[in-house]
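The following exercises are to be worked with the sequence and the structure at hand. Each task is followed by a solution in steps.

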Amino acid sequence: MSFEQQFDAIENEITEEGDAPPFFSRPGGKIFIIWLVFTAIGVVIGVFAPHHLLPGLQSGTGSDVWATIVFFTVLAAPVAAFVYALAFYSLLAWRPKKSGSSDEPPPDGPPQRGNGPLTILWVGISTLLVIVLLVWGMTVWSSQQVAHDGALQVNVTGQQWLWTYEYPGTGVTSRTLELPQDRPVEFNVTALDVIHGFWLDTMGIQTDANPNENTVIRTTPTTLGGFVVRCSQLCGLNHAFMNNKGSVVTPTQFGNWLVSQGATTSAAAKSADVPESSLTPSSTSTTTAAPMNTGASQ
Amino acid sequence: MSIATAPLLLEDTPLGPKAGGLYRRQNALVGLIAGVVLAAIGWVISHALLQGSNWGSDMVVTVTLTCWVIGFNIGIGTFNAPFRWVVGKDSTREDELYGAGVGQGAARYWKYCTDHKVVGTQYFVLVMVLFAIGGTLAMMIRTQLITAHSSFLSPGTYNNIVTIHGMIMIIATIIMVSGPFANFILPIMIGAKDMAFPRLNAMSLWVVVSAVPPLLATFVLGGVDTGWTTYAPLSVQAPPAMDAFAICIITFAGVSVTVAGINTIVTVSTMRAKGMTMSRVPIFAWGSVVSAALGLYAMPAFLTAMSMMITDRATGTSFFVNQLGGAGWLWENVFWTMGHPEVYVILLPGTAALMEIASTFSRKPVFAYKAAVAAFVGIGSLAIMVWAHHMFTTGWAPNLATPFMLTTELISIPTGVIFLVLIGTIWKGSIWARLPMYFLYLFLWNFIIGGVTGIYLSDVPADQFFHGNMFTTAHFHYTLLGGAMIAATGAVCYWFPKMTGRMLNERIGKTAFWFIAIAFQVTYFGQFWEGFQGMPRRIAFYDPIFLRANQMSTIGAYFLMLGWMILLAAIIVSWRNGKIAPANPWHAKSLEWKVQTPVPLENFLVDPVVTSDPYTYGEGVPDGQNQPSAAPEPELVPAGASESTSGGGAS
């Protein structure tokens with residue numbers, strides 16, 4: 001019976017006659033403290049870690065990914081911390097010494113078969129959380145679906161194992177993806193042979209390139225800099241090599257790049273939405289990789 | 001206990017020299033020979049007739065491997081009983097006893113044996129063999145990825161290994177609980193003498209065995225370079241290995257899982273002991289039944305999809321080829337109609353087994369039994385409505401993103417209830433820290449992480465970053481390996497004494513546990529890291545910016561494999577020389593612990609009568625799930641025993 005005495009001593013359970021011990025020396029109170037600590041750890045990780053782990057995000061849709069991860073982690077942290085806190089506490093407080101090597105079971109626990117209000121509360125809280133998640137997801141998703149007038153059109157074609165980008169109206173076809181800063185872009189994505197995955201990770205958008213189907217995705221690049229387009233759908237032998245470089249540049253640089261790819265100055269100016277006079281004809285002073293670079297040997 | 005006149009055990013029944021008929025000559029070796037011979041005949045005929053036509057090699061591979069499957073099953077004896085029935089020579093009782101393995105010793109494990117305990121043991125070994133193959137392939141993948149441009153594997157081999165690792169693990173995880181435990185343990189738990197359809201039970205096992213060689217044949221037939229999802233049109237263009245892959249799926253999903261699922265459902269529905277109402281059955285039965293029912297919904301879709309795939313490849317139809325008027329999205333829809341329910345087929349029986357473990361090792365009743373049942377049914381119902389979340393980024397129906405986001409996130413409510421049941425059972429219990437309990441705690445740790453990472457993926461804007469990315473890979477390994485397979489491992493440790501008659505060596509087992517628990521976190525946190533950085537899945541070569549994350553994952557994976565090998569060593573050592581197990585080493589209250597070990601043929605010497613559920617811990621009442629074991633005469637069990645026996649509080 002020494003075990004049971006020890007068990008009661010640890011547990012400090014309220015007895016019907018005795019004075020109730022202070023909240024923080026009861027199991028519920030101790031679990032509450034552990035829960036607070038675990039929740040705090042989860043929230044700190046959720047708020048600060050994604051920023052360090054994600055690549056440099058280059059658009060609003062990219063920031064949506066970051067915001068979603070942070071928000072969902074903060075929301076999930078208390079739930080996860082509750083399960084962890086209870087499991088952790090149960091090992092400390094409710095595990096009799098040497099029980100792991102004993103062939104005899106410890107004495108039976110309380111015959112508790114359920115707790116209706118607690119179950120309802122648990123289901124209620126998770127339902128509430130699900131509604132919050134859903135509202136967040138719907139709001140962000142619908143904001144990403146909005147089409148902008150005058151968006152730059154880019155026709156993206158995947159084939160085994162390279163991407164081709166066509167800028168309608170300029171006659172430019174390239175294997176690097178140049179995008180002007182702060183201009184809405186609409187990608188019209190298709191494929192020639194099998195399904196590929198067109199994925200701009202720094203902009204948080206992705207869609208499959210399906211043969212004979214056209215899929216539209218939208219974003220507005222906001223941050224200058226290079227990125228890599230990687231195929232996200234296993235597409236055969238050299239899938240691993242199906243990536244190439246791209247960069248977000250200023251509208252003028254973009255116009256100049258179009259010109260260097262063979263567009264006329266007027267078409268380039270119209271496509272880049274900059275005055276024709278700001279473009280240098282047959283300029284080669286672009287900051288980007290050489291054309292037709294498949295990016296295979298990055 | 002001393003019994004004056006020991007009852008005659010069925011397995012001691014003397015059998016005549018002709019009992020069993022053809023079964024006497026059939027075993028796995030005969031099946032192998034018959035399969036090879038029929039496959040050779042099929043190859044010669046189909047090659048002569050079809051090779052050189054447009055889709056010749058696809059047809060030849062299909063015909064040959066179909067012949068293999070049929071031949072193996074003829075050889076092992078799958079068709080004996082139906083055939084004898086057709087020709088009017090129905091089996092005698094002696095034949096049935098021979099078929100159940102009477103008088104054959106260890107040889108019955110190589111035969112078409114109808115005893116559910118033999119089938120369960122066969123499944124147990126088969127699952128371990130499949131995990132060994134799948135795990136070896138996983139080690140090859142991780143070895144390839146230890147440097148950015150490794151020359152360990154060619155891209156083609158790598159892609160095939162990715163495919164076969166995925167498929168073999170899916171097969172192994174689908175049968176890892178419903179095979180060994182729903183066959184061996186479940187009938188005893190509910191007080192049945194065997195499964196409802198013992199011959200179908202044996203069939204479900206040997207059909208899986210016959211499905212595995214076609215899967216491995218993909219390595220010599222050109223490889224399936226598509227991943228296990230085999231998206232069209234890439235899979236329609238793939239080498240003839242894809243036909244072998246499809247034959248494997250049709251055989252496994254279309255026949256074995258379906259047959260096994262019907263068997264489980266009918267057994268639990270109709271063969272429960274007297275007094276075992278649906279609210280008194282052990283919770284494991286509920287998990288198994290919902291899982292089986294979900295499998296019955298899911299697997300026909302796989303069968304259909306793969307049959308259409310074969311006709312696309314071998315006869316020139318174009319269900320799935322966009323360029324010829326078909327639709328790749330059709331494939332994706334049919335595939336995921338199977339693919340998402342399937343993960344719950346894998347998960348549910350394992351979590352149900354953990355509820356048994358939580359109850360036994362906390363010495364408390366299962367918390368909120370009815371809520372647990374509702375959670376299983378809720379998950380089962382929602383699971384058939386979430387498939388398109390795998391297609392958020394495919395371009396198919398962007399307007400359906402919101403409803404599928406809703407159903408996907410709703411499923412976290414019943415999943416949360418499963419957590420409530422587990423931690424509610426632990427709450428204020430007396431934790432008996434034996435090995436099965438270790439795996440329960442590891443499940444709680446892993447499955448929370450798997451669940452939280454799952455909500456990012458359920459959200460379309462975040463999914464556009466994580467889809468097709470190593471983050472997804474890490475997520476589903478957290479749920480399926482860290483969740484379901486850890487649960488199944490707990491179940492192995494729990495029921496090992498009953499299945500093998502020996503105690504599992506817990507000293508080795510706990511060493512294995514710590515390797516598995518820690519190395520698993522290292523492996524998959526490495527992959528979460530890769531995913532956050534933007535590394536796509538299923539690539540053999542990668543940008544050096546992902547190097548450190550990959551090395552972390554690979555090192556973790558080696559130690560993880562080491563952990564599993566130590567566990568395998570514990571199983572093998574204990575099975576051969578372990579301490580002899582008492583009938584009820586865990587002092588548990590469900591019926592499987594009330595029968596003697598080793599369990600006799602047809603399990604119960606006397607029909608059990610049940611007066612309460614098996615969770616009467618701490619209720620101070622006599623155990624309500626008693627087998628009146630001392631009574632040798634079955635007639636002595638009074639028909640109205642449930643009234644007179646003092647029962648515990650049935651929930």
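**Exercise 1.** How many residues does the contact take from chain B and from chain A?

*Solution.* This is a predicted model, in which local features need pLDDT of at least 70 and side-chain atom pairs count only at pLDDT 80 or more, while totals for chains, interfaces and linings use all residues. Residues are numbered from 1 along each chain as its sequence is written, and chains are lettered from A and ligands numbered from 1 in the order in which they are written.

Step 1. Two residues are in contact if their C-beta atoms, placed from the backbone, lie within 7 Å. Chain B contributes 76 residues to the contact and chain A 72 residues.

Step 2. Among the elements of chain B that give two or more residues to this side are α6, α14 and α15 (412-426). Helices are DSSP runs of H or I with at least four residues, strands are runs of E with at least two, and both are numbered from the N terminus. The largest share, eight residues, comes from α15(B).

Step 3. The side of chain B that touches chain A divides into 41 nonpolar, 25 polar and ten charged residues. Here Ala, Val, Leu, Ile, Met, Phe, Trp, Tyr, Cys and Pro count as nonpolar, Asp, Glu, Lys and Arg as charged, and the others, Gly among them, as polar.

**Exercise 2.** Is helix α6 of chain B mostly covered or mostly uncovered?

*Solution.* Step 1. Helix α6 of chain B (residues 155-178) has 24 residues and reaches 35 Å from its first C-alpha to its last. This is close to the expected 34 Å, the expected span being 1.5 Å times one less than the number of residues.

Step 2. A residue is buried if 20 or more other C-beta atoms, placed from the backbone, lie within 10 Å of its own, exposed if 12 or fewer, and partly exposed in between. In α6(B), 20 of the 24 residues are buried, and the helix is mostly covered.

**Exercise 3.** Why is B:P403 classed as partly exposed?

*Solution.* Step 1. B:P403 is found in helix α14 (residues 401-410) of chain B.

Step 2. B:P403 is partly exposed because 13 other C-beta atoms lie within 10 Å.

**Exercise 4.** Which residues point one way from strand β4 of chain A, and which the other way?

*Solution.* Step 1. In a regular strand the side chains alternate between the two faces of the sheet.

Step 2. From β4 (residues 177-180) of chain A, A:L177 and A:L179 point one way and A:E178 and A:P180 the other, and all are buried.

Step 3. Strands pair if DSSP finds at least two bridges between them. β4(A) pairs with strand β10 (residues 243-249) of chain A in the parallel sense over four bridges, and A:G246 is the bridge partner of A:L177.
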